[in-house]
Amino acid sequence: MSDLDRITAIVPRLPPVVDGVGDYALNLAVQLRQDFGLVNDFVIGDPNWSGDPFLRGFTVNQVAEQSSAALLELLLNEQHSRTTVLLHYVGYGYAKRGCPLWLIEGLEHWRKAETSRHLITMFHEIYAFGSIWTSQFWTSPLQINLAARLVRLSDRCLTSKQEYAEIITKLGQGKHPKVPTLPVFSNVGEPENLTSLSERARRLVIFGGRGPRSRVYQDSQLALQRTCVELEIEEILDIGTPLNFEIEPVNNISVVCLGVKCAEEISNLLSNSVAGFFNYHTEFLAKSTIFAAYSAHRLLPIGTWYKGQDLDGLETGKHYWLGDKYQHKMNLSIGQTVADNAYAWYQKHKLSVQADAFVTYLTTGT
């Protein structure tokens, strides 16, 4: 296998750590290898990560410390001396305050060493803003500066939101006039031959990380209760890292906490459930692995209202319901149409489609 068939992918961390970006990168690598014979070596940016150095057939190395020198050493050593690097970028994944100066400087030095090297960057996030009393407010200028340097350093940029694509185009100052937008895919599988909602258990799933699931129970109780009543829910499953508070029953229905499960187990549960509940800003659903999982499994996605607009081809009422704003009584007959619409939207950027898009940029570097 030649260097043209191999790339180095940089990620914040990989399993066994629960990390959406890491899961995304690993699933993409598996699909690229399966469909195109393109193989990843992984470089992990977290020096404290502890896991298998040969994960699912891929070689995994990690920086000894978060410094440009440590990164450069890994990228230039005999094993990882590739002409193409795929960076999965999210500032907070590589630095506590979202300002991974070491990462950007290391890549700048790597690019300068040889002109034939190519950097492809998938922007899962770009930079953060916040109120004046938050750290995001004070670090956002540096975050923007680093993002702009990375955009100009990259030969090709991709992202998961159209809004992000527009920002990248501006930061690139003409270098990237058209940035591909690929909403994230499901990290827990994409089953085929899914049954209709009427054939499934009257089960509602609350899935995801601690933050989104905590918001469901703490901020969306009324919408969750209404959903369970009107859809005649008989079972509620909570899937993910255990929360640090006790989850109370919803309408006298006990919430069964399953903890962290493997992708296959989660997929089986989603495939036989009627609804998936979320509390996630609706303007950012294109980058939500929770929403992607619900859509890929043809569930009825139900969330709560955030002030915003319809983006990335998703429409309120058409691709998901808002439990606190839906003006009619919920039922599975109408819900089936919503579930089908979400499923159809997902098919346009499912894993195999994304792998096909990525391989073009990774093998040409342009």
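Biologist: Which strands does helix α4 lie across?

Modeller: In this predicted model, helix α4, which spans residues 101-113, lies across β1 (6-11), β5 (84-89) and β6 (118-123), and α4 runs at about 165 degrees to β5.

Biologist: And what does helix α6 touch on the sheet?

Modeller: Helix α6, residues 162-171, packs on the sheet and touches β6 and β7, with its direction making about 155 degrees with that of β7.

Biologist: In what order do the strands of that sheet come?

Modeller: The sheet is open and has seven strands, ordered β3-β4-β2-β1-β5-β6-β7, with mixed pairing. Because β3 (54-55) and β7 (156-159) stand at the edges with a single partner strand each, one side of each has no neighbour in the sheet.

Biologist: Are β2 and β4 parallel or antiparallel, and over how many bridges do they pair?

Modeller: Strand β2, residues 39-44, pairs with strand β4, residues 58-62, in the parallel sense, and four bridges join them. Within that pairing, Asp-41 has Thr-59 in β4 as its bridge partner.

Biologist: Switching to α2, which of its residues are buried?

Modeller: In helix α2, which covers residues 68-76, the buried residues are Ser-68, Ala-70, Leu-71, Leu-74 and Leu-75.

Biologist: What covers the buried residues of α2?

Modeller: The cover includes β1, β2, β4, β5 and α4.

Biologist: New topic: how many aromatic pairs are there in the whole structure?

Modeller: A search of the whole structure gives 10 aromatic pairs. One of them is Tyr-89 with Tyr-94, a stacked pair at 6.4 Å centre to centre with 15 degrees between the planes. Tyr-94 also pairs with Trp-102, and that pair is edge-to-face, at 6.4 Å centre to centre and 65 degrees between the planes.

Biologist: Is Tyr-89 buried or exposed?

Modeller: Tyr-89 counts as buried because its relative accessibility is 1%, and both Tyr-94 and Trp-102 are buried too. Ring pairs join Tyr-89, Tyr-94, Trp-102 and Phe-123 into a cluster.

Biologist: Last one, which rings does Lys-161 sit over?

Modeller: The charged end of Lys-161 sits over the ring of Tyr-164, 5.8 Å from its centre, and Lys-161 also lies over the face of Phe-284, at 4.9 Å from that ring centre.

Notes:
Residues are numbered from 1 along each chain as its sequence is written. This is a predicted model: local features need pLDDT of at least 70, side-chain atom pairs count only at pLDDT 80 or more; totals for chains, interfaces and linings use all residues. Side-chain values use heavy atoms; hydrogens and water are left out. Two strands pair if DSSP finds at least two bridges between them. Helices (H or I, at least four residues) and strands (E, at least two) are DSSP runs, numbered from the N terminus. Contact means heavy atoms within 4.5 Å. Axes are lines fitted to C-alpha atoms, for helices over the stretch in contact, and angles run from 0 to 180 degrees between N-to-C directions. Buried means under 20% relative accessible area, exposed over 50%, partly exposed in between (1.4 Å probe, protein chains only). Rings of Phe, Tyr and Trp (its six-membered ring) pair if their centres lie within 6.5 Å; planes under 30 degrees apart count as stacked, over 60 as edge-to-face and the rest as tilted. A charge sits over a ring if NZ of Lys or CZ of Arg is within 6 Å of the ring centre and within 35 degrees of the ring normal.
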